Protein chains: 2
Amino acid sequence: MLSLKTIELYFHSLQDSICLGLDNADGKGQFKEDLWDRLEGGGGRTRTFSNGNVIEKGGVNFSAVHGPCPEFLRKEAGLKESEQAEFYATGVSLVIHPVNPMVPIIHMNVRYLKAGNLEWFGGGIDLTPHYIFEEDAKFFHTHIKSVCDEHNIAYYPEFKKWADDYFFIQHRNETRGIGGIFFDRLSAKDGISMEDRFHFVQAIGNNFLPIYLPLIEKNKDKSYTEANRQWQLLRRGRYVEFNLVYDRGTKFGLLTNGRTESILMSLPPTANWEYANQPEKDTPEEKTLSLLKKGINWAE
Amino acid sequence: MLSLKTIELYFHSLQDSICLGLDNADGKGQFKEDLWDRLEGGGGRTRTFSNGNVIEKGGVNFSAVHGPCPEFLRKEAGLKESEQAEFYATGVSLVIHPVNPMVPIIHMNVRYLKAGNLEWFGGGIDLTPHYIFEEDAKFFHTHIKSVCDEHNIAYYPEFKKWADDYFFIQHRNETRGIGGIFFDRLSAKDGISMEDRFHFVQAIGNNFLPIYLPLIEKNKDKSYTEANRQWQLLRRGRYVEFNLVYDRGTKFGLLTNGRTESILMSLPPTANWEYANQPEKDTPEEKTLSLLKKGINWAE
């Protein structure tokens, strides 16, 4: 039987190992820690990073919170109006904004939620390159697919499509990046136990460093121009647009009196907006835009 | 009888006079124009500004659009489901992000809307200083109050409170700036005709330059430090948060397939985010934060 403590301890130690790995990869900066309590129950450990060699700004957040079930969750859990219910949520969420425009932004979230008698895992990992390199995109998706396939052959196709649909900036008609996987409400069903789900979520979490560190290593020392930097800042602007307009986690957090600084830790250090920017023909910027669409089959 | 043509022509010429006034005040940059058509009817004239002496980025948008009433407007106009209805909307909307952190960001919107048999004016003007100077805040509110008072003594108190409530960043527990006025659904009632409403809206529009140009003149040559610039970029981050998370015009625009580049023209050229930034005690930054709250009576 899977205990809440086991899950919580896993996420707690995942945050440790990821921060350690990123500290080492950066070589200059270090994560700083903020412990916080939630008035209604539980709390978290927010770790933020700024002005490193490799990471310009980043955050890796752990939390384990509980209390009376908030309204939006009552709906998601299908609770009746009269039903009293407690919720418990724990997980790790991270976003890394690198210095070098050739290194992609990465986001990962793994979480467990219990509301009343229902419980499920959710999360995902997705990549937002400022410049899309096809070999990196293939590496990223192929690696994720192999992790998924080890658990359930149906996972990758379903969760990859989910990410394409979720990380979509409607008003720009473009995806946030090259996607990855996104999943939610993974409960015990169809012969898959909660233990199986947990093993899958652990596999995703444990593969964060093996996926991201090679992408850092490969690209962090590439030279870049001021024009590349400007493009990076515009792409970060799109990242802000997605997170503030569409991202459910951000919206729920802000609208349910969450810890603002931990929620908005995902925002970049600097972002730019320019009216009607259009990359010139046959440039890496134009190629990148052309690949920001749903349904590209990157995995090999 | 007030004709749609009269209203539209006024907004059209208001855009011209405002752009001319700002071009002159800047002395270096100039507005560039983009004409656009709306598939379902009407169109607009977007004017954008970048990299001036005084204005780092700005936009002054005119539009006059019409067609079948979109869903959100049907609700606002209280139309029955079976009711066929056309809508017509025209107005001017502007945001100016200055170079010098001592010059405030300004936003103004004046608009007319007709949906089925209902029609109303809406709009407002509000100021977002990166650094709040009390004499500037008093000048701004006193000027607006006197324009309001000439039309209706009830306007300023009501519309000032509306702005305080509207331009509020809930998740930061702070107002976007020092407010101003905000009003909507001003139709013919209580002995006030649509002509009276139009005269009021014209007075607001015509007072934009007399209000903003002195604030530019007074502050544009003030010296500032890199720390002041950094603070400006953080304050712009808050501006982005308000516009993308709360602003109704932005949300409606993005969710109803509006012209994205014209809607997001309000975003700053560059904005920064920093985890848990806290100004030091007894600094102008701390003073500014302490004044970002509702209910301050700035007008004399």
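R235(B) and E174(B) form a salt bridge, with their closest N and O atoms 2.7 Å apart. A salt bridge here is a side-chain nitrogen of Lys or Arg within 4 Å of a carboxyl oxygen of Asp or Glu. R235(B) lies in helix α7 (residues 226-245) of chain B and E174(B) in strand β8 (residues 174-175) of chain B, so the pair ties together parts that are 61 residues apart in sequence. Helices (H or I, at least four residues) and strands (E, at least two) are DSSP runs, numbered from the N terminus. R235(B) and E174(B) are both buried. Buried means under 20% relative accessible area, exposed over 50%, and partly exposed in between (1.4 Å probe, protein chains only).

## Basis of the model

This is a predicted model: local features need pLDDT of at least 70, side-chain atom pairs count only at pLDDT 80 or more, and totals for chains, interfaces and linings use all residues. Residues are numbered from 1 along each chain as its sequence is written, chains are lettered from A and ligands numbered from 1 in the order in which they are written, and side-chain values use heavy atoms, with hydrogens and water left out.

## Salt bridges across the structure

Side chains of opposite charge can pair when their charged atoms come close. Over all chains, the search of the whole structure finds 50 salt bridges. One of them joins the side chains of E135(A) and K218(A), at 3.1 Å from N to O. E135(A) lies in helix α3 (residues 134-151) of chain A and K218(A) in helix α6 (residues 208-219) of chain A, so this pair ties together parts that are 83 residues apart in sequence. E135(A) is exposed, at a relative accessible area of 53%. K218(A) is partly exposed, at 35%.

A further salt bridge links D149(A) and K145(A), at 2.8 Å from N to O. These two residues are 4 residues apart in helix α3 of chain A, a separation of about one helical turn. D149(A) is partly exposed at 25% relative accessibility. K145(A) is also partly exposed, at 26%.

D136(A) sits in helix α3 of chain A. D136(A) is buried, at 6% relative accessibility. Its side chain makes a polar contact with the side chain of K218(A), at 2.7 Å. A polar contact is a pair of N or O atoms within 3.5 Å; within protein, one must be able to donate a hydrogen and the other to accept it, and residues adjacent in sequence count only if both atoms are side-chain atoms. Leaving out residues up to four places away in sequence, D136(A) touches L215(A), K218(A) and N219(A). Contact means heavy atoms within 4.5 Å.

C148(A) is also placed in helix α3 of chain A. C148(A) is buried, with a relative accessible area of 0%. With residues up to four places away in sequence not counted, C148(A) touches Y155(A), Y156(A), I181(A) and F200(A). F159(A) is 11 residues from C148(A) along the chain, and their C-alpha atoms are separated by 9.2 Å.

## The interface of chains A and B

On chain A, 28 residues are in contact with 28 residues of chain B. The two chains bury about 2,500 Å² between them, 60% of it on carbon and sulfur atoms. Buried area is the accessible area (1.4 Å probe) that two parts lose on being put together, summed over both. E261(A), W273(A) and Y275(A) supply 31% of the area that chain A buries against chain B, more than any other three residues.

Across this interface there are 2 salt bridges. The side chains of E261(B) and R172(A) meet in a salt bridge, at 3.1 Å from N to O. On the side of chain A that touches chain B, β2 (42-50), α7 (226-246), α8 (248-255), α9 (260-263) and β10 (270-272) each supply at least two residues. α7(A) gives the most, with 4 residues. The residues on this side divide into 12 nonpolar, 8 polar and 8 charged. Ala, Val, Leu, Ile, Met, Phe, Trp, Tyr, Cys and Pro count as nonpolar, Asp, Glu, Lys and Arg as charged, and the others, Gly among them, as polar.

## Strand pairing between the chains

β10(A) and strand β10 (residues 270-272) of chain B are joined by 3 bridges and run antiparallel. Two strands pair if DSSP finds at least two bridges between them. T270(A) stands opposite N272(B) in β10(B).
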